[in-house]
Amino acid sequence: MKLTNIVFFAFVLMLFSCKQDQSSLERKIPNRTATEPDFFPDSSLFPIGAYYYPEHWNRSQWERDIKRMAELGFEFTHYAEFAWSAIEPNDGQYNFGWLDTCVDLAAKYGIKVVMCTPSPCPPAWLSAKFPEALTKNEAGYTSQHGTRLHANGMNDKYRPFVERIVKKMAERYGNNPTIMGWQIDNEPHFATIKDYSDNAQVRFRIWLKNKYSTISALNNAWGAAFWSMIYNDFNQISIPNNKEGGGNPHAMLDFDRFTAQELAAFLRYQAAILKQNISEKQFVTTNFAYYKFLANTDLFLNRNDLDFASHTMYLLSTYLNYPQGEQSHRLGSGMELSFSAEMAQSITGYTGIMELQPGQINWGAYNSQPMPGAVRMWLWHCFGLGDDFVCTYRFRQPIFGGELYHNGIMETDGITLQRGGREYVETINEMKKVRQLYDKNAKIPASVSSRNTAFLWSQDNLNDLINNPHTTEWNPWQHYYTYYQNLKSMGVPVTFITETDSFDVKRFPFMVAPSYQLLDANLVARWQKYVEQGGHLILSARTGQKDRNGHLWESLLQQPIWSLIGAKMEYNDQLPSSVSATITMNGKDYTWHTWGEVMTADSATEVLATYKDQFYAGRPAIVRRRIGSGDVSYSGAWSNDWDMEKDFMRNVYKDAGAEILDLPNYFFVEWRDGFYVAVNYTSNPVNAPLSSNAKIIFGEKLVHPSSVCVWSE
Ligand code: GAL
């Protein structure tokens, strides 16, 4: 790259990050401000789109389909993420004609296009030419052509081809006004998530060398004296492979970091090519897969590369966390939709959902029909969460290929609206009324901002907990959800922050950091300051056990946080799932078994809950230390039903003067732009918490399962 280009590009990046800095603070509850980019103008609030794959259908149907899409009220479509072989059928030979036609058709019918880079699906000629670009999993199996995501985007052989096709597409469509923005890749991750190929091996060694400079620094960080692992040279290092178990946890943590950074670099280089070649009016994003499955995808690493992070969500996936209730398999996991949306929104301050299930899916353990109304409820939930748009996967149900049974908006005939499709159209029409009522100057109600909460996030903690759960009962996600679900049942707007963000007490009167295992003295000092400034900090079990390399401290258990929490940790206990032990708090009993820490509270520290049985009966399970008007609460135990955390958190919020709601689990209430939205994922009717001056816009106060109530106050 020429120096002038580099300088220009650095300048653009600088402008871009300034833009984010100015606006991101205000965005959690998305009130439009003049400084925000106008990718999603108020006049077309909450556009709804649908994926379309022209390459799957007869050319004679394209116009019919796109016209119909527009007539139904869809405002954008989505092309090309899996179309590399149709665009570049042979090395260096391009066929853009079909895509040009479909972009023109979208323009003709007044709908916009999200254009995608096709990097998840290298064509057969490429896989055949460079089989060494294909990923290899921990068992040594090399991906084959014929699936997707089979190449590693940072592979040195593969990357130049990606650069070439992305540049070609950006040059061709980067100034076309029909293209509203770009999606990089598709649910970016490398097929095997962790790539053990030869090329990844080489790149990992380079990464380690850059990180540690000397081999002795690496030996120390990895505790390589253990089991005679000492290395003399970086070239002796193999990617840590835990297939046999007992792998070095510090090496695995570094490989997790490397994998996440490689993925982020892959998105970054594509974003850079796009930004150099496209109009400022087109956004750049990617559709992160629901990251619960992808511990090595760290959305925060691309904060400065993407205009925003979008995400995908299939609420009836049997792999999600379900509410208890007889209809839960038809209602889906609203909690995970919410978690995913608030996480994505936290990256640059706004988000949209790029794939939302339109009906039955094909890849769950079983694939239930959504309850009538559920598809509409999901759309409204996205609206309430502040999403800027929703796109559904997909307009037409496929009649060939690997996703045969996946519903689309249309039935298999291509012309009949599917049941979920009808709910899309219903919601699209409801949004017309919302656009009329929308008041862009609506102020966040004081009650809502009084409970604003930061959720301190660290991918290192997640990975270290996955690598080292210490008990098979410890599922890091379930632990995060224990806190997250309880926040939502208080109607709390959650922003995920990382240690690179400021701990701003005014913006976030509350901060939760569940099982924040890896830390250093600097973080503890920042927490202390946050609390001294009046912040309310909630920490949970395992916090502060280890240093940043994942080593235990050469001191007593969790000693670095003792003075912060006002208690000393002695040991932790874990019980078989068949044993339920009891903790008591304010006269109420709670059961637990996964994890319980036994501590001694300092004299000035309040004991909120105590163990009722086991040989440590009477010892504290939850403590709170007050510092001025702030406080830090620490729960050393994890209750079976998450109810202890619920009651404990509610008391912390109430004592701090926050106005909180009292919602049943899986009944959500959100506020955005002057609208309150209540959605019911429970299997029972629930009354929405309307105030006396509430004006209902859609629905009624008694919200039935899969129903919605929308009101303003
Ligand atoms: C998503 C993926 C889509 C499609 C969809 C089916 O995870 O991004 O390409 O496969 O699942 O539900």
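Residues are numbered from 1 along each chain as its sequence is written, and side-chain values use heavy atoms, with hydrogens and water left out. In this predicted model, local features need pLDDT of at least 70 and side-chain atom pairs count only at pLDDT 80 or more, while totals for chains, interfaces and linings use all residues.

The ligand is surrounded by Phe 82, Arg 148, Asn 186, Glu 187, Tyr 314, Glu 355, Trp 363, Tyr 393, Glu 403 and His 406 (a residue is near a molecule if one of its heavy atoms lies within 4 Å of it). This shell comprises four nonpolar, two polar and four charged residues (Ala, Val, Leu, Ile, Met, Phe, Trp, Tyr, Cys and Pro count as nonpolar, Asp, Glu, Lys and Arg as charged, and the others, Gly among them, as polar). Of the 310 Å² of accessible area that the ligand has on its own, the protein covers 95% (Shrake-Rupley method, 1.4 Å probe).

Nine strands form an open sheet with parallel pairing, in the order E5-E4-E3-E2-E1-E9-E8-E7-E6 (strands are DSSP runs of E of at least two residues, and helices runs of H or I of at least four, numbered from the N terminus; two strands pair if DSSP finds at least two bridges between them). Strands E5 (283-285) and E6 (287-288) stand at the edges with a single partner strand each, so one side of each lacks a neighbour in the sheet. Three bridges link E1 (residues 48-51) to E2 (residues 76-79) in the parallel sense, with Ala 50 opposite Thr 77. Strands E7 (residues 310-313) and E8 (residues 353-356) also run parallel, joined by three bridges; Thr 312 has Glu 355 as its bridge partner. Between E8 and E9, two bridges are found, and Leu 356 stands opposite Thr 392.

A cis peptide bond joins Tyr 393 and Arg 394, with omega about 20 degrees. Arg 394 is found in the loop between strand E9 (390-392) and helix H13 (419-437). Leu 149, although not a glycine, has a positive phi of about 55 degrees; Leu 149 lies in the loop between helices H5 (124-129) and H6 (159-173).
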